[in-house]
Amino acid sequence: MIAEETLVQELQQEESRAKAFEVLVNTYKERLYWHIRRIVLDHDDTDDVLQNTFIKVYRNIEKFKGDSKLYSWMYRIATNESLTFLKQKSRKMGISDQELKDRMVENLQADVYFEGDEIQLKLQKALATLPDKQKLVFTMKYFQEMKYTDISEALDTSVGALKASYHLAVKKIETYLKEN
Amino acid sequence: MKEDKKNSFNTPEGYFESFNDRLMDRIQKEKAQEGGSIIPKTDGFAVPVGYFNEVTPTVLSKINTKKTKVIPLKTNRRFYYGVAAVAAIFILMFSLIWESNPEPISFDDLANAEIEAYFENTDLEMTSYEIAEVVSLEEIELNDILDNDLEDDIIMEYLDENVDDIEELNLEDIDYE
């Protein structure tokens, strides 16, 4: 795999950008896909947001100064794009953010790309009750197995606060699963 | 109490009937303890076959087609939207103040519901964050456009009831610099 610094240099130079961008997409598409999918839940919506994320990355790559890791920076863009997408969707449908989250989970039962059983559906219901940040921290840590330092860069939150959020999220989900 | 004829040992009544259930309960509990949690390890999402092979060419084709159209406006787009929004607000306020406007149809002829419906249904392509960035509260006080003064305790009550996470109120810079 190509070193991140080399990739960034190639992305920031006009002549090598196109080729380097292809490498970037191939390297990160799966990780970003799963990150977005766990926020927007539907495959087609995820596909839209993933493409927008890469387009934003391409347009803003010159502004990337290397203060954080490239992939934390892309996670940040993907997170913002996903949350903005959901906000726009709820506005267009004329429903509240929470109502949209509930409907998204209901739609999973008929989704051909959701193969979860009853407990996994309950897990999604539990996740829908959490505030956005707690849900993000939980999925990034539990399912994507990211390090707290990387999540900290991506979400621009201290490691201490993340640990507290994660702990709280686990407790809430466990309580939900036990009670329902 | 039942008696075992060969061994002369007794078992509590219903012991063997309920044995399976108790055993399964125990196994479930141990499983949960081993994993440290009852939360499932996978979340059940799947992707269409071949999706990850198709997504790269799709993204690359969008980059090539969008590049020439979008880049020239990139840096100033927000600024233009901002200027347009501020101009629209000033025009709106002036038309409210000067009621002597000789136009046959004035702003007052519009029902509030129509104006609200316009803002509700029209995609202004600006998020509330972007509007907040260009129109500061110092320039336009909320109380200028409200019939009743907005007291602090009403605001606090609203935030308490409607905001899950107070950190969400922090404006985040999404300029990706």
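Biologist: What does the secondary structure of chain B come to?
Modeller: This is a predicted model. In it, chain B has six helices and two strands.

Biologist: In what order do the elements of chain B run from the N terminus?
Modeller: They go β-β-α-α-α-α-α-α.

Biologist: And how much of chain B is buried?
Modeller: Buried residues are 3% of the 177 residues in chain B.

Biologist: What about contacts in chain B between residues at least 24 apart?
Modeller: Take the contacts between residues at least 6 apart in sequence; 47% of those join residues at least 24 apart.

Biologist: How many residues of chain B are in contact with chain A?
Modeller: 28 residues of chain B, and they touch 36 residues of chain A. The chain B side has 14 nonpolar, five polar and nine charged residues.

Biologist: Over to chain A. How do helix 2 and helix 3 of chain A cross?
Modeller: Helix 2 of chain A covers residues 14–40 and helix 3 of chain A covers residues 43–60. Their axes come within 9 Å and cross at roughly 135°. That angle makes helix 2 of chain A oblique to helix 3 of chain A.

Biologist: Is that crossing of helix 2 and helix 3 of chain A left-handed or right-handed?
Modeller: Right-handed.

Biologist: Which residues meet there, between helix 2 and helix 3 of chain A?
Modeller: From helix 2 of chain A, F21(A), V25(A), L32(A), Y33(A), I36(A), R37(A) and V40(A). They meet D45(A), T46(A), V49(A), L50(A), T53(A), F54(A) and Y58(A) of helix 3 of chain A. By class, the residues of this contact are 10 nonpolar, two polar and two charged.

Biologist: Next pair. At what angle do the axes of helix 5 and helix 6 of chain A cross?
Modeller: Roughly 175°, with the axes coming within 9 Å. Helix 5 of chain A is residues 97–108, and helix 6 of chain A is residues 118–128. The two are therefore roughly antiparallel to each other.

Biologist: Which residues of helix 5 and helix 6 of chain A meet?
Modeller: K101(A), D102(A), V105(A) and L108(A) of helix 5 of chain A meet L121(A), Q124(A), K125(A) and A128(A) of helix 6 of chain A. That contact has four nonpolar, one polar and three charged residues.

Biologist: Last stop, helix 8 of chain A. Which of its residues are buried?
Modeller: I151(A), S152(A), A154(A) and L155(A), within residues 148–155.

Biologist: What do the buried residues of helix 8 of chain A pack against?
Modeller: Helix 4 (70–93), helix 7 (132–142) and helix 9 (159–179) of chain A.

Biologist: And what phi does D156(A) take?
Modeller: A positive phi of about 55°, just after helix 8 of chain A.

Conventions. Residues numbered from 1 in each chain as written. Chains lettered and ligands numbered in written order. Predicted model: local features only at pLDDT ≥ 70, side-chain atom pairs only at ≥ 80, totals over all residues. Buried ≥ 20, exposed ≤ 12 C-beta atoms within 10 Å, placed from the backbone. Helix = DSSP H or I, 4+ residues; strand = E, 2+ residues; numbered from the N terminus. Contact = placed C-beta atoms within 7 Å. Axes fitted to C-alpha atoms, helices over the stretch in contact; angles between N-to-C directions. Parallel < 35°, antiparallel > 145°, perpendicular 65-115°, else oblique. Left-handed = near helix turned anticlockwise from the far one by under 90°. Nonpolar A, V, L, I, M, F, W, Y, C, P; charged D, E, K, R; others polar.
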